Structure formats: structure tokens, C-alpha cells
Amino acid sequence: MPHVHITLSPRITDVLDHSDLVTALNALVVDRSGSSGVSKTSMSPVETYGGGLVLHVEVALLHGRSPAVKAHLSEGVLELIATHLSRAGMEAVDLSVVVRDLPDSYRLSRGRSRAGTAWT
């Protein structure tokens, strides 16, 4: 189950179709990483300094992907993001992506609190 986090300039947030982007991005990440399950995505607008607009994507995966698989995934994410930004009329955006392994300490609890009661 990949974890995806998008950090972007607030001005991009105002014009980007988040739902369409996240749906396409999740499908791409699951397909190119060979993951099973659903990709979990979060998005955070952040103030940027030094001029220009930025959008950065971080993809965290369980161990086991080769550098070639990670590079192929990174290239696909950059292409997808560029396409969505172009549709939104945002051409001059600095894009970056990193694909990393989740740490060995990563654990997942599905829909349960520590006390074992269901989350609402």
C-alpha cells in the first residue's frame, strides 16, 4: 500500500483538479510499483520562497523495488503531474518527485484504535 504525499504552492492548489489528479496518480503508483491494494494520498499547500511555483511528490513504498522500478515510477509521476498542470494552465512550475522505501518500523492498523475499538 503506497503512501503518496503532494506538497505544492497554494496558487496551484486553487486551480488544480485534486480529485482527478489523485485518482490518476494513485492508479499510476499502484501499477508501476507493482503494489497491491490502494495508494493513500495526502496533499499539503505550503508557502514557498525564492520565486516560482513548486509541486513535489513523495512516494513511500514497502522495501523490494529495484532502482529501475523506482526511476520508472518517478518519470511517470512527473509526466502525469505535468499533464494535469498543463490542463490547469500552469506551465511554469518546478516539479520534483522522490520514491523511497518505508522504514523498517512502519506498521499499519486498519480502522482500529489502539484499544481495539473501531474508528468512526
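Predicted model: local features only at pLDDT ≥ 70, side-chain atom pairs only at ≥ 80, totals over all residues.
Figure 1. Not counting residues up to four places away in sequence, His-84 touches Leu-16, Asp-20, Leu-21 and Ala-24.

**Figure 2. The contact of helix 2 with helix 3.** The axes of these two helices come within 10 Å and cross at roughly 165°. Helix 2 and helix 3 are therefore roughly antiparallel to each other, and helix 2 passes helix 3 in a right-handed crossing. From helix 2, the residues that take part are Asp-20, Leu-21, Ala-24, Leu-25, Leu-28, Val-29, Arg-32 and Ser-33. They meet Val-69, His-72, Leu-73, Glu-75, Gly-76, Val-77, Leu-80, Ile-81, His-84 and Arg-87 in helix 3. Sorted by class, this contact has ten nonpolar, four polar and four charged residues.

**Figure 3. The largest nonpolar core.** This core has 23 residues, of which Ile-12, Leu-55, Val-57 and Val-77 touch the most other members. Two or more residues are given to this core by each of strand 1 (3-8), helix 2 (18-33), strand 3 (53-61), helix 3 (67-87) and strand 4 (93-101). In soluble globular proteins, nonpolar side chains tend to be buried together.

**Figure 4. The contacts of Leu-55.** Residues up to four places away in sequence are not counted in this view. Leu-55 touches Ile-6, Thr-7, Leu-8, Ile-12 and Leu-16, and also Ile-81 and Leu-85.

**Figure 5. Leu-8 in strand 1.** Leu-8 counts as buried, at 0% relative accessibility. The C-alpha atoms of Leu-8 and Leu-53 are separated by 7.7 Å, although the two residues are 45 residues apart along the chain. When residues up to four places away in sequence are not counted, Leu-8 touches Thr-13, Leu-16, Met-43, Ser-44, Pro-45, Val-46, Val-54 and Leu-55.

**Figure 6. Lys-70 in helix 3.** Is Lys-70 buried or exposed? Its relative accessible area is 17%, so Lys-70 is buried, the limit being under 20%. Leaving aside neighbours within four places in sequence, Lys-70 is in contact with Arg-65, Val-99 and Asp-101.

Technical notes:
Residues numbered from 1 in each chain as written. Heavy atoms only, no water. Core = buried A, V, L, I, M, F, W, Y, C linked by side-chain atoms within 4.5 Å. Buried < 20%, exposed > 50% of the residue type's maximum accessible area, 1.4 Å probe, protein only. Helix = DSSP H or I, 4+ residues; strand = E, 2+ residues; numbered from the N terminus. Contact = heavy atoms within 4.5 Å. Axes fitted to C-alpha atoms, helices over the stretch in contact; angles between N-to-C directions. Parallel < 35°, antiparallel > 145°, perpendicular 65-115°, else oblique. Left-handed = near helix turned anticlockwise from the far one by under 90°. Nonpolar A, V, L, I, M, F, W, Y, C, P; charged D, E, K, R; others polar.
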